[in-house]
Amino acid sequence: MNESILFDHDGSADDFLSLLLVLSMKHVELIGISITPADCYEESALETTRKLLSLTNRPTIPLGVGQFHGINAFPAHWRAKPQILNALPDLITIETEHSPVPDSKAMIIESLLASSQPVTVLMTGPCSNLVQAIEENPQICSRIKQVIWMGGAVDVGGNVQTYNHDGSAEWNVFWDPISSSKLLTYDLPLILIPLDVTNTVAVDLAFLDRLARQKRTLYTQLAGQFWATTIDSIPAYEYTYFMWDVLATSYLGIPHAFTLESIELSIVAKGASAGRIHRQAGSGQWVQVAKAVDQHAFYDYLFDQLVGV
Ligand code: AGV
Ligand code: CA
């Protein structure tokens, strides 16, 4: 039986690589896509999403856009960058609809209630849309099989470097630390893919070279171009681009490649450590935290999946 997935992303290049990966999975039925206006500008992210759905013949998947704009904004140049994607030769010519889309909250509630089986929620940006949907209609929790979330830094440093912050948080959690701490209080099976494990899978040129030598198909072509837009940083400097969201998404296909540890966690809601996740015995907030991944299994899976569609 197919697995039903609801995907909430926030429009960065690896969010769209995640969308491509989900679309390439034969065992997955995508029941909705929600956009969080966090590490992107929503108009541009909606356009890319629609272009990819049009190219892969999935024009009817329900879409939603979040109306909440977070507590700690992403840097504007990170948000603007994915506009490059819409100008790439394979996307620029694709015509899409411009009709307005519903609020994510409404779309999430509706698609969960309408699903004939429990749904896996995959989040590759902040968790605000899901948390707001649950606050409005707590019954949807019973329709959720598991939540897979790229976010946080548990036993490693964070990637937020900004005014009045100590660097201990990861951006998806920091954008809305309040919703993030709420998420842990729900009785939902939560699988966290934090920086602890994504730090081990950078976007590397050897992988891109191997992919580019394959037959040019829609998927290999788009993936190669999307990843190329991320290679503008100084290696080993703080802005190295990792396979953050793509790794979290691959959990849908190769869960056995991950080493999970069950940990009681807590999240700092405000102050200089806002968004920091830490171990807290006795919090009762048990989370399955990915602490390691078989790197070869991951890169091979990604390669086979994109080449094989
Ligand atoms: O913290 C990782 C999250 C992932 O969901 N995002 C990017 C991924 O989509 C924020 C982020 C951290 N460093 C970045 C980020 C960078 N150098 N550029 C853009 N976004
Ligand atoms: Ca993201």
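I started at Asn164, which is found in the loop between strand S5 (144-150) and helix H8 (171-174). Helices (H or I, at least four residues) and strands (E, at least two) are DSSP runs, numbered from the N terminus. This is a predicted model: local features need pLDDT of at least 70, side-chain atom pairs count only at pLDDT 80 or more, and totals for chains, interfaces and linings use all residues. Residues are numbered from 1 along each chain as its sequence is written, chains are lettered from A and ligands numbered from 1 in the order in which they are written, and side-chain values use heavy atoms, with hydrogens and water left out.

**Entry 1. Backbone at two asparagines**

I looked up phi for Asn164. It is positive, about 60°, although Asn164 is not a glycine. Asn164 is exposed, with a relative accessible area of 58%. My terms: buried is under 20% relative accessible area, exposed over 50%, partly exposed in between (1.4 Å probe, protein chains only).

I then checked Asn57. Asn57 also has a positive phi of about 60° and is not a glycine. Its place is the loop between helix H2 (42-55) and strand S3 (63-65). Asn57 counts as exposed because its relative accessibility is 66%.

**Entry 2. Calcium ion**

Which residues coordinate the calcium ion (ligand 2)? I find Asp10 (OD), Asp15 (OD), Asp15 (OD), Thr124 (O) and Asp245 (OD), at 2.3 to 2.6 Å. Donors are N, O and S atoms within 2.8 Å of the metal (3.2 Å for Na, K and Ca); water is not among the atoms, so sites may look incomplete. Along the chain the donor spacing is D-x4-D-x108-T-x120-D. Asp10 and Thr124 link distant parts of the chain, 114 residues apart. Asp10 is in the loop between strand S1 (3-9) and helix H1 (13-24). Thr124 is in the loop between strand S4 (119-123) and helix H7 (128-136). Both Asp10 and Thr124 are buried.

**Entry 3. Ligand 1**

I counted the shell: 15 residues surround ligand 1 (a heavy atom within 4 Å). The closest are Asp14, Asp39, Asn159, Glu170 and Asp245. H1 and helix H13 (244-250) each supply at least two shell residues.

Next, the polar side chains. An oxygen atom of ligand 1 is 2.5 Å from a side-chain N or O atom of Asp14. For Asn159 the distance is 2.9 Å. A polar side-chain atom of Glu170 lies 2.5 Å from an oxygen atom of ligand 1. Taken alone, ligand 1 exposes 430 Å², and the protein buries 95% of that. Areas come from the Shrake-Rupley method with a 1.4 Å probe.

**Entry 4. Cysteines**

How many disulfides does the structure hold? I find zero; a disulfide is a pair of cysteine sulfur atoms within 2.5 Å. For Cys40, the nearest cysteine sulfur is that of Cys127, 16 Å away. Cys40 is buried, at 1% relative accessible area. For Cys141, the nearest is again that of Cys127, 12 Å away.

**Entry 5. Ser34**

Is Ser34 buried or exposed? Its relative accessibility is 1%, so Ser34 counts as buried. Its side chain makes a polar contact with the side chain of Asp8 (2.6 Å). The side chain of Asn129 is another partner (3.1 Å). A polar contact is a pair of N or O atoms within 3.5 Å; within protein, one must be able to donate a hydrogen and the other to accept it, and residues adjacent in sequence count only if both atoms are side-chain atoms.
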